[in-house]
Amino acid sequence: RVWIYMAQWQRAFGTAAQYCALPSECAPRLPDNCSFNEGASLGVPWLTAHYAVTRDGQVAGKTVLVAGGSGAVGYYCVQIAKAQGARVIASVGSAAKGVLAKAAGADDVIDFRAEDVGARIGALTGGRGADRILEPFFAKNAALYPQMLAKGGTVIVYGAGGAEGTISAAWGIQNQPTIQFMYMYELPAQAYPRAVADFTAMQTAEKKVWAQRS
């Protein structure tokens, strides 16, 4: 009983193959209370989410905006950030997806198709903005950062969402944001075992991780 990651990275065939050979560290043990269906949904989404949440330090006591909080990565971001003590706001594309994000632990959800995201975040944070944004759609959302991000806040970008994203240089100078890009397949070596260890700890705790089911 294992779950696997990096099976398709620089290989001709990946997780859809009947058999594949991987380094043992890429096939960690699947906890007894985790089904194969749940284990199959981990891999890239879990590792990406874990690094996105933890890359810039602890989130305890911070407000974290998870863009796409019902997606494969975002769903895990919500759970990890909440488990680490953050206040979590999730943006979603429908009321049904908002239910998913709430079930994962989001304190508040915003339907970006029906609501003014910037105004809602301002209202939820007393005009301050989120301390951290976990971003899968940089090109689409970058122009909204002045409305969404607190002064001195951080954006962790794990998805492009388009060819280019634009931010105001004047706003950047005045508010000093940090924008960090990440690529799941080339993280620091220690990031992978940490993500595995934290999954095992969360899954075997009283409150297990809930896998995304599409």
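Of the 214 residues of this protein, 48% count as buried, where buried means under 20% relative accessible area, exposed means over 50%, and partly exposed lies in between, computed with a 1.4 Å probe on protein chains only. Before I go on, please keep in mind that this is a predicted model, in which local features need pLDDT of at least 70, side-chain atom pairs count only at pLDDT 80 or more, and totals for chains, interfaces and linings use all residues. Residues are numbered from 1 along each chain as its sequence is written, and side-chain values use heavy atoms, with hydrogens and water left out.

Let me start with the overall form. The protein holds nine helices and six strands, which are DSSP runs numbered from the N terminus, helices being H or I with at least four residues and strands being E with at least two. Along the principal axes, the C-alpha atoms fill a box of roughly 50 × 35 × 30 Å. How does the radius of gyration of the protein agree with that of a compact globule? With 214 residues such a globule would be near 17 Å, and the protein has 17 Å, so the two agree; the radius is taken over C-alpha atoms, and the globule rule is 2.2 Å times the number of residues to the power 0.38. If we take contacts between residues at least 6 apart in sequence, 59% of them join residues at least 24 apart, a contact being heavy atoms within 4.5 Å.

In strand E1, which covers residues 63-67, we find Thr 63. Is Thr 63 buried or exposed? Thr 63 is buried, because its relative accessible area is 11%, and, leaving aside neighbours within four places in sequence, its contacts include Arg 87, Ile 89 and Asp 131.

Next comes the segment before helix H1 (36-40), where Cys 20 has its place. Cys 20 is partly exposed, with a relative accessible area of 39%, and touches Ile 4 and Ala 7 when residues up to four places away in sequence are not counted. Met 6 also lies before H1, and has a positive phi near 65°, in a residue other than glycine; at 12% relative accessibility, Met 6 counts as buried. Gln 10, found in the segment before H1, has a positive phi near 60°, but at 69% relative accessibility Gln 10 counts as exposed.

Finally, Pro 177 sits in the loop between helix H8 (169-175) and strand E6 (178-181). Leaving aside neighbours within four places in sequence, Pro 177 is in contact with Leu 149, Gly 153, Trp 171 and Gly 172.
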